[in-house]
Amino acid sequence: MCMTLMLWLFGLLSIIELCIIAPGIWHVRRPVAAGTAIGLALVSGGIVGIRFSLATCVFALISLYRVIGLLRLVQNRTEKHYLRRAVGRTTRTLLTVQLMLLGLLWLSDRLQPKPDISWLVLSALQALVALVLLVSTQRQLRKTLPLAVNEHFSDEHLPSLSVCIPARNETESLEECLRTLTGSNYPKLEILVLDDCSQGPRTSDIIRAFAHDGVRFIQGTPPPDGWLAKNWGYQQLYEASSGALVLFCGVDIRFEPQALRTLVTTLLAKDKRMACVIPRNIRPTSIREKLALLIQPARYAWELCPPRQLFNRPPVLSSCWVAERSLLAKNGSFAAVRGTITPEAHFARKAIALRDGYTFVQSAGELAVTSLKSRADQWDTAVRTRYPQLRKRPEMVLAVCVLELLVLVGPIPMLAVAIINGLWIQTMLAGLAAGMGCVVYAEVVGVAYRSHKLLDPLLLPFAVLINVYIRHESMWRYEFGEVTWKGRNVCMPVMRVIPRLPKIN
């Protein structure tokens with residue numbers, strides 16, 4: 001009787017939640033959303049209390065993400081049309097999943113399958129998904145190796161190259177980056193650095209100090225409404241540059257003298273129009289910086305491990321990428337992605353549509369590009385990019401985190417339980433899933449740092465847990481707080497946040 005009452009209340013609250021975005025209720029959405037969120041939390045907790053199981057806990061967890069969607073209505077800080085569309089999509093998706101889960105519970109009560117069979121099916125699914133990730137990762141690692149290029153291009157036949165660097169409040173890192181660039185052996189090289197409204201003269205002084213080496217100083221202007229500051233900086237650099245190829249990178253990137261020539265030669269020999277480089281990182285040695293081993297490889301894993309070809313989502317990194325000027329111009333330049341955290345992803349998709357004109361390549365051999373980003377900067381980058389990578393949808397955060405925990409962390413306790421209970425088939429499947437997950441992570445760490453350590457595979461569960469936390473911090477700060485880059489709040493253009501007028505005392 002109690003469960004029936006709870007389910008009726010759940011249905012009533014769900015109907016109210018679906019109706020909030022209707023025109024007749026929209027003007028009172030804030031109090032209605034607040035009451036619905038409280039009721040949904042209480043009802044979901046009651047369902048767990050009446051029938052405690054893994055399924056009901058998952059059911060309550062999904063309700064928590066619906067509550068987050070309702071809190072967006074209570075906060076009411078984004079544009080009306082965007083807010084209505086985003087909340088409605090989240091509600092419909094999560095409610096559908098909950099109804100499917102209730103159907104499975106009903107079916108389970110009728111069929112009453114043996115627990116051993118359920119665990120066997122779960123172990124088999126874990127092993128299958130881990131196998132897919134392993135195969136996809138191995139395929140991407142082979143594709144991203146910098147293949148030997150037999151063609152030689154004389155200085156005369158190499159295209160002109162513009163290297164564009166946005167800089168804001170930079171010091172020694174910018175100086176070191178420019179020193180490696182001015183030491184390049186590329187013959188037709190133009191280097192432009194934009195001072196993005198730095199709060200002090202140090203950045204502009206560094207740029208001007210390299211004027212005798214041919215580095216051009218670009219004075220940046222404040223970004224217009226709707227523009228991310230970084231994308232506006234890219235646009236100003238793009239307009240000021242003149243090269244047939246345009247390369248964008250951060251101040252943390254270091255180039256070996258032959259790296260630019262090797263990159264352009266590879267692009268020409270493979271008949272590509274755009275390339276992103278996977279820079280190698282310096283393995284941290286101090287205890288405070290060791291956390292980077294759990295952050296940066298996870299960023300690379302997001303690009304290298306999923307079978308992205310199935311979703312037309314090519315792997316990209318913003319650290320260092322180069323594209324033909326014509327590709328940028330024909331696809332709207334940066335005005336087309338003014339509020340996008342990863343503008344390079346847009347151009348990569350367009351390049352693939354043009355005769356597979358995009359490549360993702362590792363830094364290795366003569367293509368030596370190194371990133372010297374600190375642990376704190378890596379954390380900030382992760383928070384800034386994780387939620388937009390999931391299309392700013394709480395349901396996507398839930399799905400990805402559950403999948404990672406189930407497939408990459410879940411086989412470890414599953415293995416222990418199976419061994420204790422003598423379930424040898426489950427033991428074999430869980431062991432295979434855990435082993436394949438560790439191999440995948442070890443391979444990605446090897447790409448990130450160009451070296452392997454014996455204990456690298458054991459970092460997998462900790463890396464997953466850290467990145468589950470980072471995804472939720474990213475979601476919470478984008479939806480209800482503030483995400484900053486170089487001292488600027490990026491939430492306004494990314495989330496379409498309505499600026500609030502300052503209070504007058």
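Is L178 buried or exposed? The notes below start there and then widen to the chain.

1. L178 has 0% relative accessibility, so this residue counts as buried. Buried means under 20% relative accessible area, exposed over 50%, and partly exposed in between, with a 1.4 Å probe and protein chains only. L178 sits in helix α7, residues 172-182. Helices (H or I, at least four residues) and strands (E, at least two) are DSSP runs numbered from the N terminus.

2. Basis of the numbers. This is a predicted model: local features need pLDDT of at least 70, side-chain atom pairs count only at pLDDT 80 or more, and totals for chains, interfaces and linings use all residues. Residues are numbered from 1 along each chain as its sequence is written, and side-chain values use heavy atoms, with hydrogens and water left out.

3. What does L178 touch, leaving aside neighbours within four places in sequence? The partners are I165, I191, V193, I207, F210 and V215. Contact means heavy atoms within 4.5 Å. L141 is 37 residues from L178 in sequence, and their C-alpha atoms are 30 Å apart.

4. T381 lies in helix α14, residues 375-389. Its relative accessibility is 7%, so T381 counts as buried. Beyond neighbours within four places in sequence, T381 is in contact with R299 and K373.

5. Confidence. The chain averages a pLDDT of 91, and 97% of the residues score at least 70. pLDDT is the predictor's confidence in each residue, from 0 to 100.

6. Overall dimensions. The C-alpha trace spans about 85 × 65 × 45 Å along its principal axes.

7. Fold content. The chain has 19 helices and 12 strands. Of its 505 residues, 51% count as buried. Among contacts with a separation of 6 or more, 80% join residues 24 or more positions apart.

8. Surface and charge. The chain exposes about 23700 Å², with carbon and sulfur atoms supplying 64% of it. Areas come from the Shrake-Rupley method with a 1.4 Å probe. There are 57 positive and 36 negative side chains, and the centres of the two sets lie 8 Å apart. Lys and Arg count as positive and Asp and Glu as negative; His and the chain ends are not counted.

Notes: Charge placed at Lys NZ, Arg CZ, Asp CG, Glu CD.
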